Every structure is written in C-alpha cells, then in structure tokens.
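This report describes selected features of one protein chain. Please keep the sequence and the structure in view while reading.

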Amino acid sequence: MENSSSESSKGKKRQRESVEEPETSDIDHIISLEKSLIFSDTMVAIRIMRAQFPHIDKVSIKPFILKSQLYSSVKDRTQVDRDLESLKRDKVLRIFKLSSGQDDHAIMLLDDYLNQIERVMKRSEDRKLDNLEVFQWFKTHVIDSKLEPSIEHQELRTLLSLGGKVKDEHISVLIHAGLLTRQIMDPNMYWLAIPNIGSVLKGLSQGRKEVLSLLNRRRYKEMMMVTLEKTRLRSSPLDMRFHLRDLIGSGHLKTIQTPTGIAVQVAKH
C-alpha cells in the first residue's frame, strides 16, 4: 500500500489530467483484498478497482466501479462524494444510475465510456442500420455537455439537433443501443446508460444474494476474508472481490480485525 499512498500525494490535478493503467508495481499490491481494502484517495481506488474488474465472457463491457465499493475502500464517504463530483465536472468520469432495483450507481472513466459507444456504433454499422449519425451527435453534444445521469426528452432533442435534424427514429437507435433507458416513473425522462450491462446487473443481484446466503449459513455468519475471497460464485459473472467491496460499502457486511486477519460478517439491521 506504500506505493498507492505515494501516488495519492502527487496531487489530484495531475491524476485527473492523466488517468493511466496501474503499473506492475501497483498490481503487485492488489492481489489480496485484505491487503488492499482501504485507500486514502478516491482516484487511486478507482484506478486499482478498474484494473481488478473481472473479465466477463461473451459480454462486451468496459470496467465500471460501484459507488458502494468506493464507500468500502475510502473511509471518508463525504470526501468520496466530493471527489466524484469534482471528477465528473472535470470530465474524467461519468456516473450512471443502474436499473438494479436498488439505489446503485456505477462509475466509468469517460474514455472507457466513449470507447464503449464506439463499439456499439461499430456493431450498428456492421448490421447496416439507419440513422447512425445520431451516435456522433450523442457523443459530441449530449455526453460533452450533459453531466447528470438523466435527461429530459425535449432537452435531449435540443442537444441532438445541434448535430442535425432529429427524428424519433434517432432516439430509438440510442435506446436500442443501450445508451438510453426510459424512466419508469416518468417516460418523458431518460437515464443515460451503459450498453450491454443488462446481464451483468442480473449477475450483480444474484451474486449479492449468493454471498449473503453463504455467510448466513455459517455458525457465526462470518468467514475469514482470505478464505471467502477464493470462493467461486455460481450465479454471478462478477468475482467475489467485486461483491465483497459492494456489500461492505452498502452496509450488508462488516469487517472485523482478528489476530489471524480480517473476518467478514453479516451486519445486523
């Protein structure tokens, strides 16, 4: 963890200007969750969790981090919220409201998100769909100016019209590509979305239940973190480390320091 601490002291401005892959020396320090549970800096936590994001077969999705995972890894939650707001304004990252049935928010680096849009655009081109110019309008005029996770229908049309004459079919293309989802409570509002995330969200929900069920079956509803981290999940494409960070940050699990290491226990509500 010494390496992570030294990176954080170089100044947030420099980190925002150059978001890079963790170097090998960083990765040497992130093998064990027990040894990389807490970070002093939000951006360092994001970079390392991005590097740890599990490879998911048959799903084309760039790494994302849940806000709950940051809450489990940076002690000051208020500082996390401040940092995320600042990084969002600086266009380093975007924050998405997930349709998981819970108050989940995903964080994705802006470069990764733009890359994800490029992939969707390429697939649409390969399928020879119509109205594909809307992807460029969306990137240039909506993503660049609309930093919030939702957008109203008329505002969307107004921003897209900066690129050309907007038709309803253009918005349908964005919805079918997974870049927009209509809000259930107000169909006039859209959530900006991450394409191809649907199957991963299903796994996120099922994985949460599986981890909690596993611990609830234990005598004291706890396991050593080093043992738990090695457990393979049957119902989620996301790994145990991803789920543990999430469940600790959301308050469903808590950690206890013992003489032999960190134990993970179901939190009493």
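## Two crossing helices

In this predicted model, helices α9 and α10 are roughly perpendicular to each other. Their axes cross at roughly 105° and come within 11 Å. Helix α9 covers residues 153-160, and helix α10 covers residues 168-176.

Which residues of α9 and α10 meet? From α9 the contact involves H153, L156, R157 and L160, and from α10 it involves D168, I171 and L174. Sorted by class, the contact has four nonpolar residues, two charged residues and one polar residue.

## The chain as a whole

The protein chain has 269 residues, and 49% of these are buried. It contains 13 helices and nine strands.

Contacts can also be sorted by separation along the sequence. Of the contacts between residues at least 6 apart in sequence, 64% join residues at least 24 apart. One individual example of distance in sequence and in space is S199 with V59: the two are 140 residues apart in sequence, and their C-alpha atoms are 8.1 Å apart. S199 belongs to helix α11, which spans residues 198-216. Its relative accessible area is 45%, so S199 is partly exposed.

Is helix α4 mostly covered or mostly uncovered? It is mostly covered, since 10 of its 11 residues are buried. The buried residues of α4 are T42, M43, V44, A45, I46, R47, I48, M49, R50 and Q52. The list includes the charged residues R47 and R50.

D41 is found in the loop between α3 (24-28) and α4 (42-52). D41 has 5% relative accessibility and therefore counts as buried, the cut-off being under 20%. What does the side chain of D41 reach at the start of α4? A side-chain oxygen of D41 comes within 2.9 Å of the backbone nitrogen of M43. The D41 side chain also reaches the backbone nitrogen of V44, at 3.0 Å.

## A cluster of aromatic rings

How many aromatic pairs does a search of the whole structure find? The search finds four. One of them is formed by F53 and F242, with 5.9 Å from centre to centre and 80° between the planes, an edge-to-face arrangement. This pair links distant parts of the chain: F53 sits in the loop between α4 and β1 (65-66), F242 sits in helix α13 (residues 240-249), and the two are 189 residues apart.

F64 also pairs with F242. The ring centres of F64 and F242 are 5.9 Å apart and the planes lie at 80°, so this pair is edge-to-face. F64 is in the loop between α4 and β1 while F242 is in helix α13, so the pair ties together parts that are 178 residues apart in sequence. Through ring pairs, F53, F64 and F242 are linked into a cluster.

F242 counts as buried because its relative accessibility is 5%. F64 has a relative accessible area of 2%, so F64 is buried as well.

Terms used: Residues numbered from 1 in each chain as written. Predicted model: local features only at pLDDT ≥ 70, side-chain atom pairs only at ≥ 80, totals over all residues. Heavy atoms only, no water. Axes fitted to C-alpha atoms, helices over the stretch in contact; angles between N-to-C directions. Helix = DSSP H or I, 4+ residues; strand = E, 2+ residues; numbered from the N terminus. Parallel < 35°, antiparallel > 145°, perpendicular 65-115°, else oblique. Contact = heavy atoms within 4.5 Å. Buried < 20%, exposed > 50% of the residue type's maximum accessible area, 1.4 Å probe, protein only. Polar contact = N/O pair within 3.5 Å; in protein donor to acceptor, adjacent residues only side chain to side chain. Phe/Tyr/Trp six-rings, centres within 6.5 Å; stacked < 30°, edge-to-face > 60°.
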